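Please read the points below beside the sequence and the model. They begin with a strand and its sheet, and then turn to the cores and to a few single residues.

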Amino acid sequence: MKRICTTVEQSKKLIELGLDVETSDMYWDFQPDGYVLIASELGYYHNESEIPAWSLVALLELLPKEIEFYSDECEFVPMLSRYYDDNNKFICSYDNGGCEHWYIEKSPVDAVYNMLIWVIENSYLKIDKTDN
């Protein structure tokens, strides 16, 4: 089965970094035999047995529309595509005609997740940690 959202571990890392759980659009519900993924228009339900999860679309929507690496004149936009050397991999990059920063992964979710972690850790996405 293809993965459509963050894993439990990835979700915990995003929460640890201060990402607002209200931006999630799915959640993992702990059952006696393991976690079960639940998609919900309402997102995360704030139950202790539930862990928010972010779909590929939710992750993409969180990426800043553009970031500046060098100056106000050099804006980079996020891109996601199949990797040109290997059709079984995906590349998520900030690009302005020449890739400035990228992640290549077997899963598009992993590529975008890693880029989001990088964006947060490098302060390109402001996180209000007082809400979490």
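1. In strand β3 (residues 50-53), Glu50 and Pro52 point one way while Ile51 and Ala53 point the other way, and all are buried, where buried means under 20% relative accessible area, exposed over 50%, and partly exposed in between, with a 1.4 Å probe and protein chains only. In a regular strand the side chains alternate between the two faces of the sheet. Helices (H or I, at least four residues) and strands (E, at least two) are DSSP runs, numbered from the N terminus.

2. Before going further, note that this is a predicted model, in which local features need pLDDT of at least 70 and side-chain atom pairs count only at pLDDT 80 or more, while totals for chains, interfaces and linings use all residues. Residues are numbered from 1 along each chain as its sequence is written, and side-chain values use heavy atoms, with hydrogens and water left out.

3. Strand β3 belongs to an open sheet of 3 strands in the order β2-β1-β3, with antiparallel pairing; two strands are taken to pair if DSSP finds at least two bridges between them. The edge strands of this sheet are β2 (34-39) and β3, each of which pairs on one side only. From one strand to the next the twist averages 30 degrees.

4. The pairing can be followed residue by residue. Strand β1 (residues 26-31) and β3 are antiparallel over 4 bridges, and Trp28 has Ile51 in β3 as its bridge partner. On the other pairing, 6 bridges join β1 to β2, again in the antiparallel sense, with Asp29 opposite Val36 and Phe30 opposite Tyr35. Strands β1 and β2 form a hairpin that has 2 residues between them.

5. Helix α1 lies across β1, β2 and β3 and runs at about 80 degrees to β3; axes here are lines fitted to C-alpha atoms, for helices over the stretch in contact, and angles run from 0 to 180 degrees between N-to-C directions. Gln10 is found in α1 (residues 8-16), and Gln10 counts as buried because its relative accessibility is 10%. Leaving aside neighbours within four places in sequence, Gln10 is in contact with Arg3, Cys5, Val109, Asp110 and Tyr113, contact meaning heavy atoms within 4.5 Å.

6. Which residues have the most contacts inside the largest nonpolar core? They are Leu14, Leu59, Leu63 and Leu116, in a core of 23 residues, where a nonpolar core is a set of buried Ala, Val, Leu, Ile, Met, Phe, Trp, Tyr and Cys residues joined through side-chain atoms within 4.5 Å. The elements that give two or more residues to this core are α2 (56-62), β6 (86-95) and α3 (108-121), and α3 supplies the largest share, 10 residues. Apart from this core lies another, of 6 residues, among them Val8, Met26, Ile51 and Ala53.

7. Leu59 touches Thr6, Leu14, Trp54, Val109, Val112, Tyr113 and Leu116, not counting residues up to four places away in sequence. Leu60 has its place in helix α2 and is partly exposed, because its relative accessible area is 34%. With neighbours within four places in sequence left aside, Leu60 is in contact with Leu80 and Val112. Leu60 and Met79 are 19 residues apart in sequence, and their C-alpha atoms are 9.2 Å apart in space.

8. On the cysteines, a search of the whole structure finds 0 disulfides, a disulfide being a pair of cysteine sulfur atoms within 2.5 Å. Cys5 counts as buried because its relative accessibility is 2%, and Cys92 counts as buried because its relative accessibility is 0%.

9. For the protein as a whole, the secondary structure comes to 3 helices and 7 strands, which follow the pattern α-β-β-β-α-β-β-β-β-α along the sequence. Of its 132 residues, 42% count as buried. The protein exposes about 8,100 Å², of which carbon and sulfur atoms supply 50%; accessible areas come from the Shrake-Rupley method with a 1.4 Å probe, and for residues only the protein chains shown count as cover. Among contacts between residues at least 6 apart in sequence, 46% join residues at least 24 apart.
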